[in-house]
Amino acid sequence: MTTHTNSAHTAGSDAFGASTPGDVDADTPVLNAVGGDWDDLVDEAAAMHEERIVVNMGPQHPSTHGVLRLILELDGETVTEARAGIGYLHTGIEKNMEFRTWTQGVTFCTRMDYVMPLFNEAVYCLAVEKALGITDQIPERANVIRVLMMELNRAASHLVAIATGGMEMGATTVMTIGFRERERILEVFEMVSGLRMNNNYIRPGGVAQDIPAGCIDKVREMVPLVHKGTKEIEDLLNENPILKARTVDVGYLDLTGCIALGATGPILRSAGLPYDLRKADPYCGYETYDFEVITRDTCDSYAKLRNRLDEIHESLKIVDQCIERLDKNPGPVMVEDKKIAWPAQMSVGGDGQGNSLDHIREIMGESMESLIHHFKLVTEGFRVPPGQAYVAIESPKGELGCHVVSDGGTRPYRAHFRDPSFNNLQAVAAMSEGGSVADVIIAVASIDPVMGGVDR
Amino acid sequence: MADNPNAKPRHSGADGDPQKSESSFLSDLFAPVAGFGVTFSTMFRKVATEEYPEQKRPTQLRYHGRHQLNRHPDGLEKCVGCELCAWACPADAIYVEGADNDDESGQRYSPGERYGRVYQINYLRCIFCALCIEACPTRALTMTNEYELADNNRADLIFTKDQLLAPIQSGMLPAPHPMVEGMEERDYYQGKVTGPTPDQEKWVREHSSDEESAE
Ligand code: SF4
Ligand code: SF4
């Protein structure tokens with residue numbers, strides 16, 4: 001600990017940073033549970049007549065969703081105070097992006113919230129495109145592919161949220177079904193982008209390459225199966241008395257609380273407000289799709305869970321519409337402007353995947369100008385005029401924003417993300433204080449934070 | 001509290017549909033135990049588990065696997081040592097050192113002026129993003145579908161050129177050897193070279209016997 005954190009402690013927080021100022025007096029006995037016999041410790045605690053216990057849950061705890069550290073102050077079994085400790089998965093992604101070209105930035109930001117990589121990519125690319133002023137020039141087909149991929153990703157992310165949430169409650173069947181269904185979606189991602197996660201598929205100006213032959217059929221085949229699998233989860237959970245006993249009226253956060261804490265996504269919609277950026281501030285042509293915004297108004301974890309399940313069906317509904325459009329309208333998937341468009345034209349051959357021979361013939365054998373473009377874009381990248389842009393989209397977890405600032409160079413001056421998990425995590429205290437320890441798990445699971453996104 | 005969980009969902013999902021009310025009386029009755037039905041029917045399903053490594057599931061065609069350095073049909077290397085792949089790599093995983101081809105001393109590895117003398121990919125750094133193969137202007141660098149790249153030490157995960165180079169296909173002549181006579185570099189990219197010529201074969205024969213006798 002550095003000296004300045006020590007001085008912060010004198011202002012009233014304890015060694016965990018868990019207490020609000022003023023509630024620790026200097027002569028409170030401190031009991032540290034490190035090794036030794038538990039019974040001795042209990043005797044010692046009993047002898048001190050001190051009921052209040054501070055417990056660190058995490059960062060290495062199987063039910064805290066990754067490396068989330070929860071600092072709980074307990075009175076018996078009741079949580080009197082809860083704080084979230086974050087920062088254990090800080091990766092410096094935003095800083096790293098300042099040292100890479102705008103195009104390379106996609107490979108970094110896709111790794112923030114690794115359960116919804118395509119949303120990270122999409123919001124970053126939309127922000128870059130806004131800064132470039134080319135939002136209108138993005139080809140229609142690229143937009144449809146983006147929507148397709150995002151909605152599949154939304155379903156996958158919700159499946160993970162429900163699966164891991166179920167596992168944390170001890171419902172391992174929910175976990176296996178959730179991951180089984182997600183696998184079908186990841187297979188489509190692998191087919192389209194070559195990777196199951198961290199796809200590096202959506203690029204400034206469009207998408208990396210068109211969907212491959214057979215993809216549409218595969219999605220058509222997959223969608224009903226995921227519907228069915230989700231239905232199975234619903235059968236398992238919706239009216240299950242055990243689940244309801246554990247989630248109904250647990251993790252309660254009403255609309256005022258959501259607004260005050262900046263909570264968005266399924267949490268906000270479980271409090272009854274139909275706020276969804278796909279409707280409120282459409283991007284990528286969402287205004288042309290037919291889907292419902294799912295809301296409930298019981299504000300509890302059960303409502304959040306049900307919202308997610310319903311949203312999977314709504315997402316798959318959008319996927320169906322995307323597939324119809326992709327089937328009918330071929331076209332380019334990258335902006336026309338050769339100064340911005342990433343020059344690669346990929347093809348798969350006997351030697352693997354690489355630039356297509358046609359493209360090679362053009363740049364190496366025929367057109368010197370194309371070759372110069374190719375070299376310039378790869379080595380230096382394109383320039384973004386000085387200025388800044390902010391774009392927000394509706395990710396599975398809530399409002400995901402990206403703020404890019406350019407000084408006119410080929411790299412971001414700053415790229416910042418408003419990750420919904422980060423803001424939603426603030427609600428842990430409001431949702432779990434006053435409940436029991438077991439309810440904390442439910443509350444965290446219903447927030448569905450992904451630490452990669454929280455810490456970035 | 002347990003009997004009032006359903007806030008009205010604002011969509012016409014299965015649970016809120018009035019037309020279904022008759023048939024749904026039974027399903028409502030059994031809803032709390034519907035999970036047992038799921039569990040029971042799962043027993044008769046095909047198991048989704050993958051039996052890796054006994055059975056390897058083939059990847060999708062576009063899968064980003066191990067890299068490969070390719071050759072022209074006559075066996076010359078496609079890599080021209082331009083370092084574009086290294087520039088494009090966001091993880092700084094590629095190291096390339098170009099060198100001049102030299103016909104006089106018989107050191108010609110690729111058509112054109114330069115070739116990649118040193119080529120390394122560090123698989124400890126590589127994130128398989130494929131920006132390098134998108135950057136390569138000659139299709140020298142491609143990604144195969146091979147994914148079993150784990151190892152138990154760091155040194156072996158820095159792949160060198162001889163590990164990355166594609167195997168010699170039948171008919172190809174291993175570099176170095178001269179270009180097809182009368183052809184320019186661009187002819188290679190325009191697909192005019194389809195295999196080694198007798199002159200090249202002769203050169204390689206002579207040259208390799210030279211080497212042997214020199215030893
Ligand atoms: S796949 Fe990506 S990280 Fe790996 S070598 Fe190529 S550019 Fe670098
Ligand atoms: S592999 Fe391709 S991009 Fe890399 S140095 Fe060789 S020719 Fe250039």
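Author: Two strands pair if DSSP finds at least two bridges between them. Strands (E, at least two residues) and helices (H or I, at least four) are DSSP runs, numbered from the N terminus. This is a predicted model: local features need pLDDT of at least 70, side-chain atom pairs count only at pLDDT 80 or more, and totals for chains, interfaces and linings use all residues. Residues are numbered from 1 along each chain as its sequence is written, chains are lettered from A and ligands numbered from 1 in written order, and side-chain values use heavy atoms, without hydrogens and water.

Reader: What makes β8(A) and β9 (residues 398–406) of chain A a pair?

Author: They share 9 bridges, in the antiparallel sense. Pairing asks for at least two, so they qualify. A:Gly387 stands opposite A:Ser406 in β9(A).

Reader: Why is strand β2 (residues 69–75) of chain A called mostly covered?

Author: 6 of its 7 residues are buried. Buried means under 20% relative accessible area, against over 50% for exposed and in between for partly exposed (1.4 Å probe, protein chains only).

Reader: Which strands does β2(A) join?

Author: β2(A) has 6 bridges to β1 (residues 52–57) of chain A and 7 to β3 (residues 78–85) of chain A. Both pairings are antiparallel. β2(A) and β3(A) form a hairpin with 2 residues between them. In the turn, A:Gly76 has a positive phi of about 65 degrees.

Reader: What makes a set of residues a nonpolar core?

Author: Its members are buried Ala, Val, Leu, Ile, Met, Phe, Trp, Tyr and Cys residues joined through side-chain atoms within 4.5 Å. The largest here has 126 residues; A:Tyr124 and B:Ile94 are among those with the most contacts inside it. Helix α6 (residues 140–168) of chain A gives the largest share, 12 residues. A second, separate core of 27 residues includes A:Val79 and A:Met451.
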